[in-house]
Amino acid sequence: MKFFRLLIKLKKIIIYMIILVIIIKCGSIVFQNKTEETVAKQEENLPVAYKEFDYGDYTTIRLLHTDTGEVEELPLDVYLYGVVSAEMPASYEEEALKAQAIVARTYTIYKIMNGSNHQEQNADICDSSACCQAWISKENRLARWEEGSRESNWLKIENAVNSTIGEVILYDGQPIDAFFHSNSGGSTEIPENVWGGSFPYLQSVETAGEDAYTSYASEVQVSKDELIQKMLSKYSTFEINFDEPNPIQILEYTDSR
Ligand SMILES: [Zn+2]
């Protein structure tokens with residue numbers, strides 16, 4: 001009798017164990033499918049991705065020096081050393097410098113592919129941040145760094161560019177018009193609201209933590225006359241009476257406020 005009871009108990013235990021194994025197995029299959037589904041969904045939703053892009057036709061650029069008017073031909077990545085070191089301090093994190101290198105490369109290739117501002121001067125891009133993007137020669141860059149940090153700073157810049165060779169930001173398989181800024185004041189604005197045009201890959205995003213850095217807020221003072229002239233240049237029927245109370249009011253904000 002005892003033997004039979006033991007056998008029944010053992011049978012029960014074995015059945016429980018089989019059920020437990022089935023539950024665990026099913027659970028892991030469901031979990032695995034869910035993970036794959038989530039990753040696929042995330043990738044599908046990414047409007048912009050860092051991908052390899054064959055920019056073999058654009059490995060040399062013609063750089064216009066705005067101070068002398070001279071045009072210099074440079075290998076693209078050598079040109080990018082001068083851009084990254086002019087646009088971002090070498091003391092910044094390596095990953096930030098790499099991101100800057102990818103954005104600068106993308107911006108440069110986009111300019112060459114879509115028509116430069118300097119076709120008349122026979123150049124692809126100029127060295128002014130106010131017009132295209134900043135660039136500084138290696139000689140001038142090194143001279144502005146303290147002697148002890150020159151070599152390590154330059155190596156850091158070269159590494160940011162060299163370790164991202166082949167990487168550009170694409171949308172629909174084409175390089176984007178990759179604008180960049182130092183501080184967006186808490187959130188970026190949709191370019192359509194500033195310049196018009198269409199930039200589906202540049203949406204407004206919040207950028208927390210920027211209040212700790214320079215250029216978070218800015219103030220511009222213009223005289224009444226200057227204001228009138230600026231408004232008239234854009235809206236020929238513009239009128240304003242400064243004697244009225246509150247002649248200037250904010251009626252509307254964009255979503256990135
Ligand atoms: Zn330019």
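This is a predicted model: local features need pLDDT of at least 70, side-chain atom pairs count only at pLDDT 80 or more; totals for chains, interfaces and linings use all residues.
Residues are numbered from 1 along each chain as its sequence is written.

Taken as a whole, the protein chain averages a pLDDT of 83, and 79% of the residues score at least 70. Its secondary structure comes to 7 helices and 6 strands, these being DSSP runs numbered from the N terminus (helices: H or I, at least four residues; strands: E, at least two). Read from the N terminus on, the elements go α-β-β-β-α-α-β-α-α-β-β-α-α. Of the 257 residues, 16% count as buried, a label for 20 or more other C-beta atoms within 10 Å of a residue's own; with 12 or fewer it is exposed, and in between partly exposed, the C-beta atoms again being placed from the backbone. As for contacts with a separation of 6 or more, 62% of them come from residues 24 or more positions apart.

On to the helix packing. Two packed helices are described by the angle between their axes and the distance between the axes. The axes are lines fitted to C-alpha atoms, for helices over the stretch in contact, and angles run from 0 to 180 degrees between N-to-C directions. Helix H2 (residues 76–87) packs on H3 at about 125°, with the axes 9 Å apart. H2 is therefore oblique to H3; angles under 35 degrees count as roughly parallel, over 145 as roughly antiparallel, 65 to 115 as roughly perpendicular and the rest as oblique. On the H2 side the contact is made by Leu 76, Leu 80, Val 83, Val 84 and Glu 87, and on the H3 side by Leu 97, Gln 100, Ala 101, Ala 104, Arg 105 and Thr 108. These residues split into 7 nonpolar, 2 polar and 2 charged (nonpolar: Ala, Val, Leu, Ile, Met, Phe, Trp, Tyr, Cys and Pro; charged: Asp, Glu, Lys and Arg; polar: the others, Gly among them).

H3 (residues 94–114) also meets H5 (residues 150–162), their axes coming within 8 Å and crossing at roughly 55°. That angle makes H3 oblique to H5, and the crossing is right-handed. H3 contributes Glu 94, Leu 97, Lys 98, Gln 100 and Ala 101, and H5 contributes Lys 156, Ile 157, Ala 160 and Val 161. The tally for this contact is 5 nonpolar, 1 polar and 3 charged.

Back in H2 sits Ala 86, which is partly exposed, with 18 other C-beta atoms within 10 Å. Leaving out residues up to four places away in sequence, Ala 86 touches Ala 134, Trp 135 and Ile 136. Its C-alpha atom is separated by 9.6 Å from that of Asp 127, 41 residues apart along the chain.

Asn 122, in the loop between H3 and strand S4 (125–126), has a positive phi of about 65° although it is not a glycine. Asn 122 is exposed, with 10 other C-beta atoms within 10 Å. Asn 246, in the segment after helix H7 (224–234), has a positive phi of about 45°, again without being a glycine. Asn 246 is exposed too, with 5 other C-beta atoms within 10 Å.

Methods. A crossing is left-handed if the near helix is turned anticlockwise from the far one by less than a right angle, and right-handed if clockwise. Two residues are in contact if their C-beta atoms, placed from the backbone, lie within 7 Å. pLDDT is the predictor's confidence in each residue, from 0 to 100.
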